[in-house]
Amino acid sequence: MSEPVLEAAGLRKVYPTRAGADFTAVDQVSLTLEKGETLGIVGESGSGKTTVAKMVAGMIPVTSGETRLSGKTLAASGRSKADKRDIQYIFQDPVSSLNPRMKVRDIIAEPLKLYFKLSPKEIDARVDTLLGDVGLPLEYRLRYPKELSGGQCQRVGIARALAAEPSVIVCDEPTSALDMTIQSQILELLKDLQRSKGVSYLFIAHGLEVIYSISHRVMVMKEGKVVEEGETADIFHRPQHPYTQSLIGAIPRIQIPQFD
């Protein structure tokens, strides 16, 4: 069996409080992620799922535990440029995550300039390719984020993440700010990109419907701990933990009226 592209073992995040008693946001969370796989992390607000994602991505320091990328142990904080490049992040709010003063071309070009030694001509060509990858017309290069819809902004955010050529992308509720039709389009885009590029996703979501549609495996979190994990079909059709059962039981079901 091949080595997982990403492993986290015993991740713990503790925040001091004014009252003097520390708050444990994440407690002993472990996970693995294979190449080309999506691990969905689901749980209510405050369950610790985004904290896990940000620790894995190196965006916040780890209190204890470790993260390994292709067998290499990553620093708890202050990671190298190469390690940062290999784990990219797609944010929840597609509009506020983009610099409003920068044109689309420059937003996507940022990681290209940071991580690769490319000429201006090579950067322009790569930006054009990435725009095509995410389904945006080339003329969008010269637009500002305010001139785009929320779904288009998220496509730019995806292109920016892909520009670094990462092995792992953390998707932090990337469709929650979008309407249902656009959500579906973005999810299909992410799945297409995974198939074509072999990238792995750590996918954070509130909505179980979203998790079901994109994840190969699911990890359920509550109060900073993992309460259940397994293959997506097993979690949804044979949930074991009462909390998981309650989440699945709360999924809205369309009631079709009966007519005579």
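This is a predicted model: local features need pLDDT of at least 70, side-chain atom pairs count only at pLDDT 80 or more; totals for chains, interfaces and linings use all residues.
**Entry 1: a term, then the model**

**Entry 2: the whole chain**

I looked up the overall make-up before any single residue. The chain contains 9 helices and 10 strands. Along the principal axes, its C-alpha atoms fill a box of roughly 65 × 55 × 45 Å. I then checked the radius of gyration. A compact globule of 260 residues would have a value near 18 Å, and the chain has 19 Å, which agrees. Of the 260 residues, 48% are buried. I also looked at how far apart in sequence the contacts reach. Among contacts with a separation of 6 or more, 66% join residues 24 or more positions apart.

**Entry 3: α3 against α5**

I turned to helix packing and took α3 with α5, which spans residues 150–163. The two pack at an angle of about 25 degrees, and their axes are 7 Å apart. Angles under 35 degrees count as roughly parallel, so α3 and α5 are roughly parallel to each other. α3 passes α5 in a right-handed crossing. On the α3 side, I listed Val104, Ile107, Ile108, Pro111 and Leu112 as making the contact. On the α5 side, I listed Val156, Ala159, Arg160 and Ala163. By class, this contact has 8 nonpolar residues, no polar ones and 1 charged.

**Entry 4: α3 against α4**

I kept α3 (residues 104–115) and moved to α4 (residues 120–133). Their angle is about 115 degrees, with the axes 9 Å apart. That makes α3 roughly perpendicular to α4. The crossing of α3 past α4 is right-handed. From α3, the contact takes in Val104, Arg105, Ile108, Ala109, Leu112 and Lys113. From α4, it takes in Pro120, Ile123, Asp124, Arg126, Val127, Leu130 and Leu131. I sorted these residues by class and got 9 nonpolar, no polar and 4 charged.

Not counting residues up to four places away in sequence, Arg126 touches Leu112, Asp133, Leu162 and Glu165.

**Entry 5: α5 against α6**

Next I looked up α5 with α6, the helix of residues 180–197. They pack at an angle of about 20 degrees, and their axes are 10 Å apart. That makes α5 roughly parallel to α6. This crossing is right-handed. α5 contributes Gly151, Gln154, Arg155, Ile158 and Leu162 to the contact. α6 contributes Ile182, Gln185, Ile186, Leu189, Leu190, Leu193 and Lys197. I recorded 7 nonpolar, 3 polar and 2 charged residues for the contact of α5 with α6.

**Entry 6: Asp86 and Arg217**

I picked two charged residues and asked of each: is Asp86 buried or exposed, and is Arg217 buried or exposed?

Asp86 lies in helix α2, residues 81–86. Asp86 has a relative accessible area of 16% and is buried. Leaving aside neighbours within four places in sequence, I found Asp86 in contact with Leu69, Glu165, Pro166, Ser167 and Val168.

Arg217 has its place in strand β9, residues 217–222. Arg217 is buried too, with a relative accessible area of 14%. Its contacts, again leaving aside neighbours within four places in sequence, include Thr32, Leu33, Glu37, Thr38, Leu39 and Gly40. Glu229, Gly230, Glu231 and Thr232 are also in contact with Arg217. I checked Leu193 as well, 24 residues from Arg217 along the chain, and the two C-alpha atoms are separated by 18 Å.

**Entry 7: positive phi**

Which places do Gln28 and Glu173 take in the chain? Gln28 is in strand β2, residues 23–33. Its phi is near 55 degrees, a positive value in a residue other than glycine. Glu173 lies in the loop between β7 (168–172) and α6. Glu173 is not a glycine, yet its phi is positive, at about 50 degrees. I also noted that Glu173, at 6% relative accessibility, counts as buried.

How values were computed:
Residues are numbered from 1 along each chain as its sequence is written. Side-chain values use heavy atoms; hydrogens and water are left out. Axes are lines fitted to C-alpha atoms, for helices over the stretch in contact, and angles run from 0 to 180 degrees between N-to-C directions. Helices (H or I, at least four residues) and strands (E, at least two) are DSSP runs, numbered from the N terminus. Angles under 35 degrees count as roughly parallel, over 145 as roughly antiparallel, 65 to 115 as roughly perpendicular and the rest as oblique. A crossing is left-handed if the near helix is turned anticlockwise from the far one by less than a right angle, and right-handed if clockwise. Contact means heavy atoms within 4.5 Å. Ala, Val, Leu, Ile, Met, Phe, Trp, Tyr, Cys and Pro count as nonpolar, Asp, Glu, Lys and Arg as charged, and the others, Gly among them, as polar. The radius of gyration is taken over C-alpha atoms; the globule rule is 2.2 Å times the number of residues to the power 0.38. Buried means under 20% relative accessible area, exposed over 50%, partly exposed in between (1.4 Å probe, protein chains only).
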